[in-house]
Amino acid sequence: MRDASNGSAFVAELRERFALSARVLDGDEEARLTYMGATFEHPPAEPTLTLDIGGGSTELVVGTGREIAFHASLQAGVVRHTERHISSDPPAATELEELAGDVRSLIESAVAEEPGARADAGIAVAGTPTSLASIELGLEPYDPKRVHGHRLSLPTIQHLLSQLASVPLAERAGIAGLHPDRAPNIVAGVVILVETMRAFGLEQIEVSEHDILYGTAISAVSALGCG
């Protein structure tokens, strides 16, 4: 909605049709809530990157404890970059290279000359990392308790990228641990994850089920004076 030219009209339509008083989060608040959700249980003692790969954008937030040192919203997402770069089935090597290069340049622009954009650890939320954890664990059905806190190494993620990108969509959708609805866009998401980990020098990343929704719930409870 922040990017949409008719964002305010959409909010007005929600209010008129459904009596919902919606508001659009700005980038600062989205970063705060995402970081809060991912780190609330265990506030990190070292600079930690929270990575949220969405459909149209990717949020990067670096913080220590309860304090945020850096955040950026990249115009890179699983749907946006699948539509922009991938037309072959399975994806061609050149398409994957162009996708990776695009993401790499977006990250480089976002972190350039930003002293807070360094991290010693990482937490990844949302569908891409949780799907990878589920695939590695062979979960059928999906088990959020086993996914939450699972650690993925960069070599493992790169191996899973090769596996996912080497087969056509119909076969990818049948991979154990991957929800079929995520199959069309998972390759772009994994490329974004790989390029982000490389940019921040992370050899592994922790997967979390607690994202911006969790952070929003904590914030709402705190505002009511309940915690």
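View 1. The peptide bond that joins Glu140 to Pro141 is cis, with an omega of about 5 degrees. A cis peptide bond also joins Asp89 and Pro90, and its omega is about 0 degrees; Pro90 has its place in the loop between H3 and H4. Residues are numbered from 1 along each chain as its sequence is written, and side-chain values use heavy atoms, with hydrogens and water left out. Because the model is predicted, local features need pLDDT of at least 70 and side-chain atom pairs count only at pLDDT 80 or more, while totals for chains, interfaces and linings use all residues.

View 2. The strands follow the order E3-E2-E1-E4-E6-E5 in an open sheet with mixed pairing, two strands being paired if DSSP finds at least two bridges between them. Strand E3 (67-74) and strand E5 (151-153) each have a single partner strand and stand at the edges, so one side of each is left without a neighbour in the sheet. On average, neighbouring strands of this sheet are turned by 25 degrees against each other, direction ignored; axes here are lines fitted to C-alpha atoms, for helices over the stretch in contact, and angles run from 0 to 180 degrees between N-to-C directions.

**View 3. Strands E4 and E6, with helix H7 on the sheet.** Three bridges link strand E4 (residues 121-125) to strand E6 (residues 204-208), and the two pair in the parallel sense. Ala124 stands opposite Val207 in E6. Helix H7 (residues 154-165) packs on the sheet, where it touches E5 and E6, and its direction makes about 75 degrees with that of E5.

**View 4. Thr58 in strand E2.** Thr58 is found in strand E2 (residues 58-64) and, at 0% relative accessibility, counts as buried, a word that stands for under 20% relative accessible area, with exposed meaning over 50% and partly exposed lying in between (1.4 Å probe, protein chains only). A polar atom of the side chain of Thr58 lies 2.6 Å from the backbone oxygen of Ala76. When its neighbours within four places in sequence are left aside, Thr58 is in contact (heavy atoms within 4.5 Å) with residues including Leu51, Ile53, Leu74, Ala76 and Ile192.

**View 5. The buried side of helix H3.** Val78, His81, Thr82 and His85 are buried in helix H3 (residues 78-85). They cover an arc of only 105 degrees around the axis, which puts them on the same side of H3; the arc is that of the directions from the helix axis to the C-beta atoms. The elements against which the buried residues of H3 pack are strand E1 (48-53), helix H4 (93-111), helix H5 (127-137) and helix H9 (186-200).

**View 6. The largest nonpolar core and Val187.** A nonpolar core is a set of buried Ala, Val, Leu, Ile, Met, Phe, Trp, Tyr and Cys residues joined through side-chain atoms within 4.5 Å, and the largest one has 48 residues, with Leu132, Ile157, Leu164, Val187, Val190, Leu193 and Ile205 having the most contacts inside it. Two or more residues of this core come from each of E1, E2, E3, H4, H5, H7, H9 and E6, and H9 gives the largest share, ten residues. Leaving aside neighbours within four places in sequence, Val187 is in contact with Ile86, Pro91, Leu96, Leu161, Leu164, Ala165 and Arg172.

**View 7. His150 in the loop between H6 and E5.** His150 is found in the loop between H6 and E5 and is buried, with a relative accessible area of 17%. The side chains of His150 and Glu136 are joined by a polar contact of 2.6 Å, that is, a pair of N or O atoms within 3.5 Å, of which, within protein, one must be able to donate a hydrogen and the other to accept it, while residues adjacent in sequence count only if both atoms are side-chain atoms. Not counting residues up to four places away in sequence, His150 touches Ala133, Glu136, Leu137, Ile205, Glu206 and Val207.

View 8. Ala19, although not a glycine, has a positive phi of about 55 degrees; its place is in the loop between helix H1 (7-18) and helix H2 (27-39), and Ala19 is exposed, with a relative accessible area of 66%. Glu113, in the loop between H4 and E4, has a phi near 60 degrees and is exposed, with a relative accessible area of 83%.

Key:
Helices (H or I, at least four residues) and strands (E, at least two) are DSSP runs, numbered from the N terminus.
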